[in-house]
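Biologist: I am new to this protein and would like to learn how its features are read. Could you take me through them slowly, with the general idea before each case?

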Amino acid sequence: MVVCGLGRFGKSLALELMKEQTEVLGIDADADKVQSVSGRLTHAVVADTTKIEVLRQLSVHEYNRAVVGIGSDIESSILTASSLVELGVPNIWAKAISNSHARILTQIGVHHVTRPEHDMGARVAHLVRGRMMDYIEFEDGFAMVKTTPPAHIVGMRLGDSKVRQEYNVTIVAIKRPGEGFTYATADTIIRPGDTVIASGLVVDTERFSEAS
């Protein structure tokens with residue numbers, strides 16, 4: 001994995017990847033940032049990632065995945081991403097700081113564009129509005145939430161609870177106090193203190209959480 005840009009986002013990502021036993025080549029034009037991860041990444045190099053010849057010399061084109069962690073310098077972010085696309089890296093992720101930045105990255109061929117601050121803000125907004133313990137939103141308005149079940153289904157089999165008909169969500173997993181999560185079935189009985197993971201459209205998962 002190549003991580004271009006070792007600011008807060010890139011550094012955090014690179015170190016987390018190392019924890020997962022992924023080899024990481026970290027690149028940044030700032031020597032101090034590179035020094036901060038020296039010995040903690042597989043390789044850390046001071047270099048200008050906006051120059052395609054520099055990336056070619058570092059054999060970046062031989063990697064299957066690359067992340068552009070540059071956010072505040074939009075020009076450097078776009079130039080770096082463009083170079084990675086031109087080199088034919090098959091799986092490119094990039095951080096964007098605005099809708100227009102994200103749109104340009106997508107237009108030049110970046111495969112995955114993420115907006116960490118925006119995404120985290122949206123996630124927290126959902127958490128504080130209801131009784132969700134965790135929230136993950138996917139494409140097309142689909143989400144999964146971790147929450148407590150509505151009081152009126154406690155003591156019932158899931159198959160008898162009519163959760164899907166009433167809330168248009170599916171309870172996919174359940175956690176008893178002091179235990180780990182297990183898959184939920186129609187015979188699973190909801191007990192006091194249980195935590196559930198439910199999936200469905202965003203509006204439906206929110207309604208389900210608010211009923212808890």
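Modeller: Let us begin with the names: helices are DSSP runs of H or I with at least four residues, strands are runs of E with at least two, and both are numbered from the N terminus. Residues are numbered from 1 along each chain as its sequence is written, and side-chain values use heavy atoms, without hydrogens or water. The model is predicted, so local features need a pLDDT of at least 70 and side-chain atom pairs count only at 80 or more, whereas totals for chains, interfaces and linings use all residues.

Biologist: Which residues of α1 are buried?

Modeller: Buried means a relative accessible area under 20%, exposed means over 50%, and partly exposed lies in between, with a 1.4 Å probe and protein chains only. In α1 the buried residues are G10, A14, L15 and L17. They cover an arc of only 155° around the axis, which means that they are on the same side of α1; the arc is taken from the directions from the helix axis to the C-beta atoms. An α-helix has 3.6 residues a turn, so residues three or four places apart point the same way. The buried residues pack against β1 (2–4), where contact means heavy atoms within 4.5 Å, while R8 and K19 are exposed on the other side of α1. Just after the helix, Q21 takes a positive phi of about 65°.

Biologist: What do the buried residues of α4 pack against?

Modeller: They pack against β1, α3 (52–57), β4 (65–68), β5 (91–95) and α5 (99–107), and among them are I78, L84 and L87. The 14 residues of α4, numbered 74–87, should span 20 Å, and the end C-alpha atoms are 20 Å apart, so the helix agrees with expectation. Just after α4, G88 has a positive phi of about 85°.

Biologist: In what order do the five strands of the open sheet lie?

Modeller: Two strands pair if DSSP finds at least two bridges between them. Here the order is β7-β8-β11-β9-β10, with antiparallel pairing, and the edge strands β7 (134–137) and β10 (181–183) each pair on one side only. Neighbouring strands are turned by 20° against each other on average, direction ignored; axes are lines fitted to C-alpha atoms, for helices over the stretch in contact, and angles run from 0 to 180 degrees between N-to-C directions. β9 and β10 pair over three bridges, and the bridge partner of K175 is F181 in β10. Helix α9, residues 202–210, packs on the sheet, touching β7, β8 (142–147), β9 and β11 (195–201), and its direction makes about 150° with that of β11.

Biologist: Where is K162 found, and is K162 buried or exposed?

Modeller: K162 sits in the loop between α7 (158–161) and α8 (163–167) and counts as exposed because its relative accessibility is 55%. Its phi is near 60°, a positive value in a residue other than glycine. N168, in the loop between α8 and β9 (170–175), likewise has a positive phi, of about 65°, although it is not a glycine; with a relative accessible area of 43%, N168 is partly exposed.

Note on methods:
Expected span 1.5 Å × (residues − 1).
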